[in-house]
Amino acid sequence: MAEPILLIQGDTPNIRVTLTREDTGSAIDISEATTYLHFRKKGTTTVLFSAEGSSTALQQTSGIVDFAFTTVQMNIDAGRYEGEVEIVFDNGNRETVYEILDFSVRADFA
């Protein structure tokens, strides 16, 4: 299992994800899609927020997407969280990445 992504309360981090096919290792072309990162507290079923991804045309064909978190989104309790990446293609098809992203959030010093 991958190490958790470490975040600080109230910060505005940018998380970069590269989407690839597990069977071939090839990039998932997201140039005709919208991507979302659904974020929730670990052990719960309630989604706290969904961040829409962004990327350049070159990044899209390489399966690279960035998710920018806002201060409001990161106004959460310290603890463990998880994220699910969903791809919604322009033709209406949906594809959810099977692997769940693991996050650890700690309190800010100030």
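## Fold and surface of a predicted chain

Of the contacts (heavy atoms within 4.5 Å) in the chain with a separation of 6 or more, 67% are between residues 24 or more positions apart. The model is predicted: local features need pLDDT of at least 70 and side-chain atom pairs count only at pLDDT 80 or more, while totals for chains, interfaces and linings use all residues. Residues are numbered from 1 along each chain as its sequence is written, and side-chain values use heavy atoms, with hydrogens and water left out.

The chain holds 1 helix and 8 strands, taken as DSSP runs numbered from the N terminus (helices H or I, at least four residues; strands E, at least two). Their order from the N terminus is β-β-β-β-α-β-β-β-β. The radius of gyration, taken over C-alpha atoms, is 14 Å, close to the 13 Å from the globule rule (2.2 Å times the number of residues to the power 0.38) for 110 residues, so the chain is as compact as a globular protein of that length.

Values for the whole chain:

| Property | Value |
|---|---|
| C-alpha trace along principal axes | about 40 × 25 × 25 Å |
| Buried residues (under 20% relative accessible area, 1.4 Å probe, protein chains only) | 35% of the 110 residues |

Ala110 lies in the segment after strand E8 (101-106). Ala110 counts as exposed (over 50%) because its relative accessibility is 92%. Ala110 and Ile5 are 105 residues apart in sequence, and their C-alpha atoms are 21 Å apart in space.
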